[in-house]
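Subject: Handover of a structure and notes on it

Dear colleague,

Please find the structure below, together with an account of what was found in it. I would be grateful if you could read the notes alongside the sequence.

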Amino acid sequence: MALTTAEQPSVRASRATGTPAKRRGSRRGRRSEAVAGYVFLSPWLLGLMAVTAVPMLLSLYISFTNYDILSPLSEVEWVGLDNYERMFTADPSYWRSVTVTVSFALIAVPLKLAVALGVALLLNRAWRGVGLFRGLFYLPSLIGGSVALAIVWVSMFNREGAFNGFLGLFGIEGKPWVNDPTWALETLMVLAIWQFGAPMVIFLAGLKQVPTELYEAASVDGAGRFRQFRSVTLPMLSPVIFFNLVLETINGFQGFTAAFVLSNGTGGPIDSTLMYTLNLYIKGFTDYEMGYASAMAWVFLLAIGIITAVFFSTGRFWVHYSDGDDR
Amino acid sequence: MHPGTRTHRRRLLRGLAAAAIAVPLVLGAAACGDDEGGGSTSDPNAPVRLSVFYWGSEARAKLTEDALNAYKAKHPNVDFEVTWQANQGYADKLATLAAGGDVPDLFALDDNMLADFATRNVTADLTEYKGGKIDVSKFPPSLVEYGMVDGKLVGISAGENTQGLVYNKTLLTKNGLPEPTTGQTWEQHIDWAAQVATKTKVPGTQDPSADYKAFWVWIRQQGKDLYSGKELGFSADDLAKWFTLWKGARDKGATPTPDIIHEGNVTDISKQLVVTGKAATSWVWANQMPELKKNTKDELGVVAYPGDPSGQWARSSMYWSVARSSDKKDTAVDVINFLVNDQQAVNILGTDRGLPSNMDLRTAFAGTVTDANMKLSIQVENDLAAKFGKAPQVPPKGHSTFRSELVKAAENVQFGRATPEKAAADLIALVQPKLG
């Protein structure tokens, strides 16, 4: 990443000189340092245990039971791998939600990143009032997860919505986007893409890190704009692109709010917006199958973990860390 | 280290661990111990704080607050902690509270949730209070029965309603069209709706094929029922016929387009198609008519669903239930009794949750009503009461799955993604295993 890149030489320097000095320090000193560290960490550690680790382990346990959330936890029955088996063999809605989520992520995430990068390139110039535009473009992300925005989206993209009014100006007859099973998910994708502010800001920061002398050198060599973008900007930006890609993919898979609001919590019309997390919610809280929902959550966690791992393992082929190390 | 100290320390650790496990268990057991006692031995004038939870609109919240205040005026020792929210998400919230062992003392349910909560023992069995602290002798018997699951009285009917077809009177009069009538056949209704559509450009009726309560009336008129015990009471053929009936209506142009029907399927009462002007009729509950009227300038009318009105029944629109875990059951039961059997409370609550369950009080209340729409909905329902059929059983656990799958199946047919036969067969295969 761009920031770490800048720091890396100094870190290396301190490692070279500092480590032997530490090694000379007494055992006891190191130990008390560690204790102090843990003491300072303890509020966070306790919080992590109480609100994350314990519930997570509990949900892992629940995923092997028939827990229905209404009955006391003490009355649940152990069902082994039944929940997992049903997911993969006997639940069409499960595969429906996997398809919806994957197509959402596959289309919305790359488009969102492309738009974010494009706008970041435009806003990277020294215009008058560029700060204002940066703020304006970031705005949709600020109200991003909000329910209100999804409601506005629904009214913009239904049959009488503003979007169809706009199309009408050109004599194009619109569609009932959000209420049509063919288009509802696409409407959600557009909403997600429109909220490109967060990756855009990160791209902007990345662009600022690219040394200007590289562009100067490139133009001396006779490289045109496109060539400069391809051979200087993109490689220099690749750590930031990588970062955004990982983050936005995870985000994309976890999309819930907009789908929930748009479909009134049903994933409709006809399961067209049945995102994985929404399906999970419906199973857990509407159908009272919390055991099954927990199993779904664990498979989801594993899947996201695997996807992220794949990103990291392929990253070394295309992510360029310019710390002069050429790895 | 001395071996003795080590065992000693190990024992200490083990003791601590045991204590760590035991303390919550003991606390939990203590909490369970409270379940059984109804608090009947305690002083009746000791201060009680009762938590109440229900869903509804702002208007309902106001009425409920007034009624509870009337109770408080008579019982100053009782204090209420009231929470309410919109219908969407209500069941989820209640389930979450149940999971946390924090069920409110007194809460509202409807027949969509009753079996789910009752079979999992969230609700208290109120049978022992019947005839004592809760008087249901003035209720129509079907309303009392409709609050029973597995032989236990788990909900006290907060009001009675029945299916009502609400239509836009102004639109019809303006175009010189006849109004729908109770007793019209389904085919007559569809022809009428097609006629309305041709004349007014407003589709005559919302296609209710996704609406469980419309299907329910229709299937009862075919001599079957939605459920028979813990099974579906109809076959795939029956359901396919229902879908085909409405496919015909759509082909005649009697209904809106599928996306508009979808809007009507998922929306709340304030945006029903009869109110938004996207259809001339909406399929609702008769007592919702006054609420619909608040959202439109047009005059509305209400009749029974098509077909023989004996397909309809006196349905408990909503129940009051008491938490099994509550240690204030006596008070909670007393409050319910007040809400359903006290003339003052009944007059305050009006028809918001349905017609008053107590027949004597209903008659007395009806005489005081001045609101024309409320009057009409009471009159229609009273007229129907003579023709009502026997109340069906309370829907079993899994009813909510049937409802959501029916919407999907119907929309699959409407959007042309499945034939009526395929959609019906898929639904039966999906829903049947979830019932129980």
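In chain B, strand S7 (residues 163-168) pairs with strand S10 in the antiparallel sense over five bridges; two strands pair if DSSP finds at least two bridges between them. Helices (H or I, at least four residues) and strands (E, at least two) are DSSP runs, numbered from the N terminus. Within this pairing, B:Gly164 has B:Val284 of S10(B) as its bridge partner. Strand S10 of chain B covers residues 281-285, and five of its five residues are buried, so the strand is largely enclosed by the rest of the structure. A residue counts as buried if 20 or more other C-beta atoms lie within 10 Å of its own, as exposed if 12 or fewer do, and as partly exposed in between, with C-beta atoms placed from the backbone.

The model is predicted: local features need pLDDT of at least 70, side-chain atom pairs count only at pLDDT 80 or more, and totals for chains, interfaces and linings use all residues. Residues are numbered from 1 along each chain as its sequence is written, while chains are lettered from A and ligands numbered from 1 in the order in which they are written.

Domains of chain B

Chain B is divided into domain 1 (48-158 + 317-372) and domain 2 (163-312 + 397-434), with bounds that come from an automatic or database domain assignment. The C-alpha centres of domain 1 and domain 2 of chain B lie 29 Å apart. Ten residues of domain 1 of chain B and eight residues of domain 2 of chain B take part in the contact between them; two residues are in contact if their C-beta atoms, placed from the backbone, lie within 7 Å. On the side of domain 1 of chain B that touches domain 2 of chain B, helix H4 (residues 114-119) of chain B gives the most, with three residues. By class, that side of domain 1 of chain B has two nonpolar, six polar and two charged residues. Here Ala, Val, Leu, Ile, Met, Phe, Trp, Tyr, Cys and Pro count as nonpolar, Asp, Glu, Lys and Arg as charged, and the others, Gly among them, as polar.

Helix H18 of chain B

Helix H18 (residues 420-431) of chain B has twelve residues and reaches 16 Å from its first C-alpha to its last, close to the 16 Å expected at 1.5 Å a residue. That expected span is 1.5 Å times one less than the number of residues. The buried residues of H18(B) are B:Pro420, B:Ala423, B:Ala424 and B:Leu427. Seen down the axis of H18(B), these buried residues fall within an arc of 100°, so they line one face of the helix; the arc is that of the directions from the helix axis to the C-beta atoms. Helix H9 (236-251) and helix H17 (399-414) of chain B are among what covers them.

B:Trp313

B:Trp313 is found in the loop between strand S11 (300-303) and strand S12 (315-322) of chain B. With 24 C-beta neighbours inside 10 Å, B:Trp313 counts as buried. Leaving aside neighbours within four places in sequence, its contacts include B:Ser142, B:Thr162 and B:Phe388.

Chain A and the interface

Chain A has 14 helices and zero strands, and 30% of its 327 residues count as buried. Residues 24 or more positions apart account for 70% of the contacts in chain A with a separation of 6 or more.

The contact between the chains takes 22 residues from chain B and 20 residues from chain A. On the side of chain B that touches chain A, H17(B) supplies the largest share, seven residues. The residues of that side of chain B divide into eight nonpolar, six polar and eight charged.

From chain A, A:Thr266 touches B:Val266 and B:Ser404, not counting residues up to four places away in sequence. A:Thr266 lies in the loop between helix H12 (257-262) and helix H13 (276-286) of chain A and is buried, with 21 other C-beta atoms within 10 Å. A:Asp271 is in the loop between H12 and H13 of chain A, and phi of A:Asp271 is near 60°, a positive value in a residue other than glycine.

Yours sincerely
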